[in-house]
Amino acid sequence: MIWLALMLVTVVAGTAVLRLAPGPLDRVDAAIMRGLASLREPWLTSLARGLNTLNSDWTLPIVGLVTLVLIAAFRRWRHLVLLLAALAVLQVFAATMYWVAARPRAYDVTILAGWQ
């Protein structure tokens, strides 16, 4: 349980630093992105685009719906309620963290996919 609290403190503290003083981290991030972009290969770009399609607008909802149906089919009602409650809390937490830690893209690196 202590590791969970430490992880939460680390995430919240890191997000606060991102929000309050993003300049130094943006410079380091841009340097890393430039280095990675210089390693791009056409076959690797094709592979990454293919993997990106797995995270499309319909894949994750279908997996979630199948999970809900299977939980209901096996009559695990407490698990179903807990899953739905955890997803609701996670949605609120993720939206808050996204708002707090929103950062610009690296300007001199060509982005090949969406920013999500």
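Thr 45 lies in helix H3, which spans residues 42–53, in what is a predicted model.

User: Is Thr 45 buried or exposed, and what is its relative accessible area?
Analyst: Thr 45 belongs to helix H3. Buried is the class for residues under 20% relative accessible area. Thr 45 is therefore classed as buried, with a relative accessible area of 18%.

User: What is the orientation of H4 relative to H5?
Analyst: The axes of helix H4 (residues 59–73) and helix H5 (residues 77–101) come within 8 Å and cross at roughly 150°. Angles over 145 degrees count as roughly antiparallel. The orientation of H4 relative to H5 is therefore roughly antiparallel.

User: How many nonpolar, polar and charged residues does the contact of H4 with H5 have?
Analyst: On the H4 side the contact involves Thr 67, Leu 68, Ile 71 and Ala 72, and these meet Trp 77, His 79, Leu 80, Leu 83 and Leu 84 in H5. Sorted by class, the residues of this contact are seven nonpolar, two polar and no charged.

User: At what angle do H1 and H5 pack, and how do the residues of their contact divide by class?
Analyst: Helix H1 (residues 2–20) packs against H5 at an angle of about 35°, with the two axes 8 Å apart. From H1, the contact is made by Leu 8, Val 11, Thr 15, Leu 18 and Arg 19, and from H5 by Phe 93, Met 97, Trp 99, Val 100 and Ala 101. By class, the residues of the contact of H1 with H5 divide into eight nonpolar, one polar and one charged.

User: What separates the C-alpha atoms of Gly 35 and Val 109?
Analyst: Gly 35 has its place in helix H2 (residues 23–38), where it is partly exposed, with a relative accessible area of 32%. Gly 35 and Val 109 are 74 residues apart along the chain, and the separation of their C-alpha atoms is 9.7 Å.

Notes: Residues are numbered from 1 along each chain as its sequence is written. This is a predicted model: local features need pLDDT of at least 70, side-chain atom pairs count only at pLDDT 80 or more; totals for chains, interfaces and linings use all residues. Side-chain values use heavy atoms; hydrogens and water are left out. Axes are lines fitted to C-alpha atoms, for helices over the stretch in contact, and angles run from 0 to 180 degrees between N-to-C directions. Helices (H or I, at least four residues) and strands (E, at least two) are DSSP runs, numbered from the N terminus. Angles under 35 degrees count as roughly parallel, over 145 as roughly antiparallel, 65 to 115 as roughly perpendicular and the rest as oblique. Contact means heavy atoms within 4.5 Å. Ala, Val, Leu, Ile, Met, Phe, Trp, Tyr, Cys and Pro count as nonpolar, Asp, Glu, Lys and Arg as charged, and the others, Gly among them, as polar. Buried means under 20% relative accessible area, exposed over 50%, partly exposed in between (1.4 Å probe, protein chains only).
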